[in-house]
Amino acid sequence: QVRLVESGGGLVQAGGSLRLSCAASGIVSIIKYMGWYRQAPGKQRELIATTSSAGRTNANYADSVKGRFTISRDGAANTVYLQMNSLKPEDTAVYYCNAFGGVNNQNYWGQGTQVTVSS
């Protein structure tokens with residue numbers, strides 16, 4: 001019902017910046033929230049940022065990224081972004097876009113994009 005396609009990952013040096021994009025298609029009207037998760041090798045997937053899709057942005061961030069990452073949404077384009085500044089080696093992970101909503105409050109996931117931060 002909802003398809004998510006991420007882009008923008010890559011390799012960056014510590015202290016650098018990257019911007020991830022996630023384009024939603026399909027029945028986007030059912031989306032209540034969109035956000036970004038990440039999963040590092042050997043670790044569980046963790047929520048890092050969320051925003052409402054109800055017409056205004058209510059952003060929430062994990063403590064580990066507060067002040068460095070910014071989530072934003074272009075409603076007209078059904079796209080959510082993650083601006084990542086002051087990147088650290090510990091930010092290295094596969095980053096996944098998430099959409100939540102629908103009658104059954106289902107989670108939808110993108111395919112993931114690799115972010116690697118070198119020291």
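Asparagine 105 sits in the loop between strand S9 and strand S10 (106-109); strands are DSSP runs of E with at least two residues, numbered from the N terminus. The model is predicted, so local features need pLDDT of at least 70 and side-chain atom pairs pLDDT 80 or more, while totals for chains, interfaces and linings use all residues. Residues are numbered from 1 along each chain as its sequence is written, and side-chain values use heavy atoms, without hydrogens and water.

**Exercise 1.** Find the disulfide and state which strands it joins.

Step 1. A disulfide is a pair of cysteine sulfur atoms within 2.5 Å. The sulfur atoms of cysteine 22 and cysteine 97 are 2.0 Å apart, and the two form a disulfide. The count by this rule is 1 disulfide.

Step 2. Cysteine 22 belongs to strand S3 (residues 18-26) and cysteine 97 to strand S9 (residues 93-101), so the pair ties together parts 75 residues apart in sequence.

Step 3. The angle about the S-S bond is -80°, and the link is left-handed. Both cysteine 22 and cysteine 97 are buried (under 20% relative accessible area; exposed is over 50%, partly exposed in between; 1.4 Å probe, protein chains only).

**Exercise 2.** Describe the backbone angle phi and the exposure of serine 86.

Step 1. Serine 86 is not a glycine, yet its phi is positive, about 50°.

Step 2. Serine 86 lies in the loop between strand S8 (79-84) and S9.

Step 3. Its relative accessible area is 41%, so serine 86 is partly exposed.

Conventions: Helices (H or I, at least four residues) and strands (E, at least two) are DSSP runs, numbered from the N terminus.
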